[in-house]
Amino acid sequence: MKRLRVDRWTGQLLVASSSRPATPGVAAALRSRRCLSTTTTTRHQSAVAAEAVAPIYENAENVAPSDLRFPPLDKTLPANASSLPSPLPERALHSPKLAALHARLTLSPKIPLQTLARALVDASADPNPQFNNSNLAFVGQTLINYHASEWFMMHYPRLPMEVLYAAMKGLGGDPSLNKVAMSWGIEAAAAPGGEVDPGLLQFSLESTGDSILGFGYKRSEVNKLQNSKWRRGVASRVVLDNDFGEIVSRNFGVKHDGEEAEPTEKDITSYGNAVKRAISQKAHANCMRAVVGAVYTHCGRDAVKSFIKAHVLSRTIDLSKLFEFKHPTLELAMLCSREEFEPPVARLLSETGRLSRTPVFVVGIYSGKDKLGEGSGASLEQARWKASMNALKAWYLYSPGEDVRMPSDMLEEDAKPWEPAYIDIGEIISR
Amino acid sequence: MAIKALQTISTGRNGVGAFILQCKRIDIHFCDWAGSSKGMNGFIKSLLPKFAAAHPQIEFVVSPRPSKHPVAIGHYINGREKAICVRNMEPYQILKKLELLRDASGEKLKVTKPVQSINESVRGIWSPYHGNGMKV
């Protein structure tokens with residue numbers, strides 16, 4: 001006699017409450033089937049809520065006999081995992097990759113693995129802000145930019161605003177933080193999903209997600225600024241634009257007339273096209289920011305300060321290579337008149353091979369008896385320009401010293417009274 | 001008219017600020033049957049639990065590879081990997097090899113070159129155009 005198959009039964013039989021099932025096995029199968037079919041993708045971030053509705057795991061009862069021979073490697077993988085946009089928070093406790101990352105960064109045991117797992121889920125993978133890293137990344141970005149700007153302002157009080165923006169981006173922008181995340185050994189999953197190992201960074205190359213990151217206002221003339229290259233003054237950049245003085249625009253990798261930016265042939269390399277590389281860079285940077293946010297959330301202000309110092313502020317950036325002068329001699333003359341120095345004079349210090357193919361002139365810029373700068377070049381004019389640029393850089397890169405106090409040092413307990421920091425009157429020629 | 005800014009990316013050096021161990025994963029392959037895996041099987045039973053517990057920053061993956069020599073493969077942050085065949089080795093010899101994998105940076109082995117630094121020279125570069133010069 002053929003056995004009855006539960007899944008072939010009609011709805012009538014399933015709905016009818018049979019007081020006495022034919023065999024106990026059938027009843028058990030029926031119960032487990034109903035459980036499976038009514039399972040919704042309910043997820044909870046807190047451990048308390050998770051106890052109320054536990055997800056159904058594939059145990060021996062509801063696994064087909066053929067699957068028992070090859071049991072799933074990850075025993076914590078729930079049956080409905082692939083329908084979820086990101087892995088369940090409780091799976092974080094069973095991921096060796098995640099535990100290794102936690103130990104590699106020497107994070108405090110106060111930071112739970114679940115939070116670290118959440119920091120690895122980008123907004124493009126899971127749009128739900130309770131499960132992605134956008135909130136943590138926002139906190140992290142605010143802290144990184146605060147400490148970076150404070151560091152630059154205290155160490156180089158005369159930096160022009162544009163150079164300060166470039167320096168901020170060089171240290172705390174997406175490309176730099178992407179490198180930090182890479183140096184932590186964060187690996188990306190091929191595609192996001194609930195079945196992915198929680199120790200992998202999850203982001204989608206198709207959709208970009210809309211995490212709000214950073215301050216700033218969207219300008220009404222944003223299209224004109226980008227397409228027609230309208231001028232933007234520094235003062236308006238301070239007020240309206242983001243922390244790096246860039247236009248705030250929600251369209252990422254998408255042109256402003258709505259259509260998606262087509263990658264040109266030049267952009268496509270073996271590493272994908274420029275848009276996809278930028279998406280990946282942004283996801284890695286946001287993940288790094290989210291880890292900083294997690295450190296702040298669980299360990300507090302002092303811990304996050306030392307974490308940022310160790311991972312971001314310790315990186316090297318050569319500020320003297322960020323300057324691009326247009327009229328260095330004129331600017332130096334204006335500086336001297338503003339500061340009431342004697343007007344600058346260029347003097348030839350030494351030369352060789354004036355009539356040869358490769359002459360070298362060394363020119364010094366003097367204000368009275370003080371030498372402001374020196375430069376060498378293949379022509380007298382070039383040497384003079386270089387000398388004035390060096391003199392201007394020496395002015396702008398003035399530093400009161402390495403051990404200058406930061407405003408955030410005042411937040412510590414028993415901090416000494418604050419001594420006013422050096423504040424410069426501003427750039428020589430401002431836009 | 002005014003100064004414009006050029007964009008650069010900061011460079012980090014491992015150990016300045018924070019140190020990150022470069023070995024992120026070690027795969028360990030063994031065979032239950034073959035004689036060349038005898039030492040490896042002993043290592044997995046006796047020494048590996050302690051070694052793995054002492055290095056939480058490394059992910060250890062132990063998997064059988066029937067009818068093959070035992071191998072330990074280190075995976076590094078720079079994306080490279082380093083594989084060492086540990087056939088016929090004693091457990092303590094294998095431990096030495098794992099320590100080698102742990103301490104490696106993952107870079108290709110190179111002939112020793114002078115230290116390259118991104119710091120500016122303290123003394124500066126010698127210039128023929130400065131100073132009093134020398135009469136020949």
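This is a predicted model: local features need pLDDT of at least 70, side-chain atom pairs count only at pLDDT 80 or more; totals for chains, interfaces and linings use all residues.
Me: At what angle do helix α7 and α12 of chain A pack?
Reply: Helix α7 (residues 134–155) and α12(A) pack at about 85°, with axes 6 Å apart. Axes are lines fitted to C-alpha atoms, for helices over the stretch in contact, and angles run from 0 to 180 degrees between N-to-C directions. Helices are DSSP runs (H or I, at least four residues), numbered from the N terminus.

Me: What does that make α7(A) and α12(A) to each other?
Reply: Roughly perpendicular, a label for angles of 65 to 115 degrees.

Me: Which residues of α7(A) and α12(A) make the contact?
Reply: Among them are Leu136(A), Val139(A) and Ile144(A) of α7(A), and Ala290(A), Val292(A) and Tyr296(A) of α12(A). Contact means C-beta atoms, placed from the backbone, within 7 Å.

Me: New topic. Where does Asp243(A) lie?
Reply: Asp243(A) is in the loop between α11 (234–240) and α12 (274–299).

Me: Buried or exposed?
Reply: Asp243(A) is buried, because it has 21 C-beta neighbours inside 10 Å; the cut-off is 20 or more other C-beta atoms within 10 Å, against 12 or fewer for exposed and in between for partly exposed.

Me: What does Asp243(A) touch?
Reply: Asn145(A), Met168(A), Gly214(A) and Phe215(A), not counting residues up to four places away in sequence. The C-alpha atoms of Asp243(A) and Gly216(A) are separated by 7.6 Å, at 27 residues apart along the chain.

Technical notes
Residues are numbered from 1 along each chain as its sequence is written. Chains are lettered from A and ligands numbered from 1 in the order in which they are written. Helices (H or I, at least four residues) and strands (E, at least two) are DSSP runs, numbered from the N terminus. Two residues are in contact if their C-beta atoms, placed from the backbone, lie within 7 Å. Angles under 35 degrees count as roughly parallel, over 145 as roughly antiparallel, 65 to 115 as roughly perpendicular and the rest as oblique.
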